[in-house]
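Here is my notebook for a first look around this structure.

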Amino acid sequence: MPESVLVKFTGEMQPGITLRDLVNAIPYQAIQDGHLTVEKKGKKNIFAGKVIEIAGLPDLKVEQAFELSDSAAERSAAACSVQLNKEPIIEYLSSNVALIEKMIEEGYNDARTLQRRADKMKEWIANPELITPDADAQYCEVIEINLNEITEPLLACPNDPDDVDTITNILADPKRPTEKIDEVFVGSCMTNIGLFRALGEVLKGEGVVPAKLWVAPPTKMDEKQLQEEGYYAILGAAGARMEIPGCSLCMGNQANVAQSAIVFSTSTRNFDNRLGKNSQVYLGSAELAAVVALKGKLPTKEEYLEVTSSKITPEMNDKVYKYLNFDQVSQADLTAMVK
């Protein structure tokens, strides 16, 4: 049975900080605590082969929790769990029951298998019980991350998802390429529909951006919804290349950036040559990607916060960062989505 590392978040999220910053905060804090090294020779990695248990963010939506757990692969972990309250799980499963039953209605196979899945979800919703850690649970390490202390974007630097630092430190390092970002990619399984809305809001009315911008929503349903909400028109006006929903650049074998390009990406990994031959790739949030595309370079902490705070105000959060709840859409829209 693999051992576990507890990653415990405390405090409150600060203005301008995103969930992707929290993804990067895990290796960043591990580096500060001496549990992770970037250097490959004699590399130390507390997460390798372990289960990462994430606590302290119980009200995340399931889609947001997935963004955290998805990154466990980059830590070389065996698995990851996120301790959530029952409410976001019930919301997510209710949505999926509606989608599955519509798929059955539209003739998707195998109907019996799909119905069994839906019935199991309904059964849990009727009597929701969660697995929780024992009060005296022992961990091979506990990594505490104080959200009050994360006040600027955290990026993985070229070309290692473990090589994480603050944007201020990166800009101060003369060995880091920051003055010109050639290409920006917003996509991969670590993104969700809300992040593409955020990208659109930042770029709205700004004209064609100086960096080459690639945009690939993860699903066709996201694509359709973003088109209906007008975000494809906004991104088109910014000069974005709209990719077929799916992996695109993240996969490394569907499309490529220019040779030796300096890239900012929301994708999962930035290993050598994955996005393009000799490319140097930073990894970070969609919100930061939008500002990078707008400026054609890595912005300062102050520039980033100024743009995002003016473009995505707190009053807009519920509109921008919302997810496709299939039990809350009309039957006609749901039918169109599954066809």
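How many residues does helix H4 have, and how far does H4 reach from its first C-alpha to its last?

I noted first that this is a predicted model, where local features need pLDDT of at least 70, side-chain atom pairs count only at pLDDT 80 or more, and totals for chains, interfaces and linings use all residues. Residues are numbered from 1 along each chain as its sequence is written, and side-chain values use heavy atoms, leaving out hydrogens and water.

**Entry on H4.** I found that H4 (residues 111-126) has 16 residues and reaches 22 Å, close to the 22 Å expected at 1.5 Å a residue; that expected span is 1.5 Å times one less than the number of residues. Helices here are DSSP runs of H or I with at least four residues, and strands are E runs of at least two, numbered from the N terminus.

I looked up the buried residues of H4 (under 20% relative accessible area, with exposed over 50% and partly exposed in between, using a 1.4 Å probe and protein chains only): they are Leu114, Ala118, Met121 and Trp124. Seen down the axis, they fall within an arc of 120 degrees, so they line one face of the helix; the arc is taken from the directions from the helix axis to the C-beta atoms. The face turned away carries the exposed Arg112, Arg116, Lys120, Glu123 and Ala126.

**Entry on Ser188.** I found a positive phi of about 100 degrees in Ser188, although it is not a glycine. Ser188 counts as buried, at 2% relative accessibility.
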